[in-house]
Amino acid sequence: MRSRYSAYFFKLREYLLRTWHESSRPKFLDFNKSLKWLYLEIISSEAGLESATEGYVEFKAHYREAKKKAYLHEKSLFRKIEGKWLYL
């Protein structure tokens, strides 16, 4: 989760698409130019240990758009496929 947040922060489109499960991955990813990511707050995680094949991360990704601060609150599912965690 932290690596995907960092990828959004640095606008690393290819990394984001590569770590997105093909069943939900968009064909193209565009970045909102007026949005500035501020920080990531991990609220909880479930499973996701070395032996797991699925895990959840609940987070708040704080940002500023124009002059307003807000956050994206999500509980994300990740699935391990061939040793790599992919975002669903």
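Contact here means heavy atoms within 4.5 Å. On that basis, among contacts in the protein chain between residues at least 6 apart in sequence, 40% join residues at least 24 apart. The model is predicted, so local features need pLDDT of at least 70 and side-chain atom pairs count only at pLDDT 80 or more, while totals for chains, interfaces and linings use all residues. Residues are numbered from 1 along each chain as its sequence is written, and side-chain values use heavy atoms, with hydrogens and water left out.

Two helices and four strands make up the secondary structure of the protein chain, in the order α-α-β-β-β-β along the sequence; helices (H or I, at least four residues) and strands (E, at least two) are DSSP runs, numbered from the N terminus. Along the principal axes, the C-alpha atoms fill a box of roughly 45 × 30 × 20 Å.

Ala66, in the loop between strand S2 (54–65) and strand S3 (68–81), has a positive phi near 60 degrees despite not being glycine, and Ala66 is exposed at 62% relative accessible area. Glu82 lies in the loop between S3 and strand S4 (84–87); its phi is also positive, at about 50 degrees, and Glu82 is exposed at 79%.

Terms used:
Buried means under 20% relative accessible area, exposed over 50%, partly exposed in between (1.4 Å probe, protein chains only).
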